[in-house]
Amino acid sequence: MTFYVVFDSVTYATKAKRSLEAMGIAVSAGKARLNTPACSRGYTLEIRDRDINSLKLNLAKSGVEYRKIISESRNGYSKEE
Amino acid sequence: MIYLDNSATTYPKPPCTAEAMNLAMKKFGANPGRGGNPLSLKAAEEVYKVREKAGKFFNAKPENIIFTQNATMASNMAIKGILDSNSHCLISNYEHNAVWRPVHRTCSYSVFEICDTQGETLYRLSGMLRKNTKCIICTAVSNVTGRIMPVKAICSFARDNGLISIVDASQAAGYIPCDVKDLGCDILFTSGHKGLYGPFGTGLLVLNTDVQLKTLIEGGTGTTSNEAHQPPFPPERYEAGTLNVCGIIGLGAGIDFVSKYGERINEKEYELTADLRASLVEYGVTVYDKEFNFTPVTSFNLSDVSPAEVDERLSTAGICVRSGLHCASLAHRTLGTHERGTVRVSIGAFNTRRDVYALLKVVKNI
């Protein structure tokens with residue numbers, strides 16, 4: 001399972017990225033591409049193979065507000081968490 | 001050449017500032033927050049690291065660090081973001097024109113006196129409040145005399161009276177602690193090229209509370225782009241247009257420099273300034289605000305020679321100082337020097353005792 005955490009701006013995405021990386025969680029940043037309007041997509045962090053609850057907990061620890069989390073299964077099915 | 005005008009801008013800058021800017025020019029050339037390509041993301045991360053450094057330096061959240069082109073820009077953003085023609089504000093009698101002029105244009109205002117004691121200052125302030133008083137603005141340090149102002153008490157007074165407090169830290173950042181939580185201010189602003197040893201074209205607006213300002217400039221922010229209005233959240237709300245990435249990264253290096261060596265630098269600057277002041281007094285020169293705590297800024301006048309002439313004599317001897325009103329008419333009116341100004345000497349990290357002696361030698365012979 002891959003999670004895409006969507007943020008309003010690159011600042012908040014970077015803040016969360018640096019915070020999660022400091023917790024030992026591998027993330028990669030990029031422009032949002034799922035279920036978001038083309039011109040106002042925000043930025044996402046892509047995180048693989050994590051438990052959604054622990055991921056939410058870690059994001060809460062980082063103190064960064066995110067817009068939403070979208071999960072994508074290996075067969076390509078995606079949904080908002 | 002001896003440079004003693006560090007209040008205008010510190011010079012020279014530490015090599016790390018230029019090196020960081022050079023690296024930024026070569027390596028982080030894409031536009032941060034304007035795309036998902038690796039170079040843009042890398043630039044964004046490098047900019048964010050400077051927000052972290054500045055956030056640590058001022059004890060503020062990284063996202064509450066707003067990059068501006070200078071302190072004047074930040075001051076205008078704060079003042080015009082809060083005040084309007086229906087509101088009233090209080091400004092100190094030591095404010096720089098970067099505060100006085102935008103306030104004068106924007107709202108009604110009263111000038112309060114920084115008295116000899118904190119109690120007297122607050123007592124007078126309390127008598128100046130109006131129904132529509134919205135904020136208090138005070139410089140943390142006078143750019144004319146280096147006098148350290150009781151901003152913590154003034155911010156506390158503002159809070160107790162439901163007012164927004166704005167602190168001008170242009171002459172304070174890098175010289176005295178500027179922890180926004182400790183000061184208790186709502187907003188602090190500063191230049192980046194003075195005591196923080198960053199390059200020209202950098203300034204900071206630091207938000208300590210969730211105060212939301214009206215925007216001064218609108219435009220592209222790389223986020224919420226479908227909306228006609230600016231995003232509601234900092235820093236993007238206040239940073240329309242492409243950022244000065246090289247400048248910001250240079251500022252980050254300057255902050256690193258001050259964070260690492262600041263204590264030692266400040267100690268030396270203080271000693272040199274104290275020696276300078278003592279010698280000037282010994283020569284019978286008038287040193288302004290000498291009875292108060294100070295940063296490494298000294299304003300003086302010779303009784304029978306104009307500041308402009310002293311400046312010229314020093315320039316001829318290869319010593320750079322600044323005479324005149326220092327863009328701070330209110331402060332000079334307070335000191336009674338608004339007709340001709342003063343000679344200002346400001347010491348920086350790279351000045352030595354020899355520099356001070358050279359200046360004293362010229363002054364003694366005038």
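Q: How many residues of chain A are in contact with chain B, and how many of chain B with chain A?
A: In this predicted model, 14 residues of chain A are in contact with 19 residues of chain B. Contact means that the C-beta atoms of two residues, placed from the backbone, lie within 7 Å.

Q: Which elements of chain A give two or more residues to that side?
A: They are helix H1 (10-22) and strand S2 (28-31) of chain A. H1(A) gives the most, with five residues. Helices (H or I, at least four residues) and strands (E, at least two) are DSSP runs, numbered from the N terminus.

Q: What is the make-up of that side by class?
A: The side of chain A that touches chain B has five nonpolar, six polar and three charged residues. Ala, Val, Leu, Ile, Met, Phe, Trp, Tyr, Cys and Pro count as nonpolar, Asp, Glu, Lys and Arg as charged, and the others, Gly among them, as polar.

Q: How should I read the numbering and the confidence limits?
A: Residues are numbered from 1 along each chain as its sequence is written, with chains lettered from A and ligands numbered from 1 in the order in which they are written. Local features need pLDDT of at least 70 and side-chain atom pairs count only at pLDDT 80 or more, while totals for chains, interfaces and linings use all residues.

Q: Turning to strand S7 of chain B, why is it largely enclosed?
A: Five of the five residues of S7(B) (187-191) are buried, so the rest of the structure largely encloses this strand. Buried means 20 or more other C-beta atoms within 10 Å of the residue's own, with C-beta atoms placed from the backbone. Ile187(B), Phe189(B) and Ser191(B) cover one side, and Leu188(B) and Thr190(B) the other.

Q: Which strands pair with it, parallel or antiparallel?
A: Strand S6 (164-168) of chain B pairs with S7(B) in the parallel sense over three bridges, and Ile166(B) stands opposite Ile187(B). Strand S8 (203-207) of chain B runs antiparallel to S7(B), joined by five bridges; there, Ile187(B) stands opposite Leu207(B). Pairing requires that DSSP find at least two bridges between two strands.

Q: And what is the strand order in the open sheet of chain B?
A: The order is S9-S10-S13-S12, with antiparallel pairing. S9 (286-287) and S12 (322-324) of chain B each have a single partner strand, so one side of each lacks a neighbour in the sheet.

Conventions: Buried ≥ 20, exposed ≤ 12 C-beta atoms within 10 Å, placed from the backbone.
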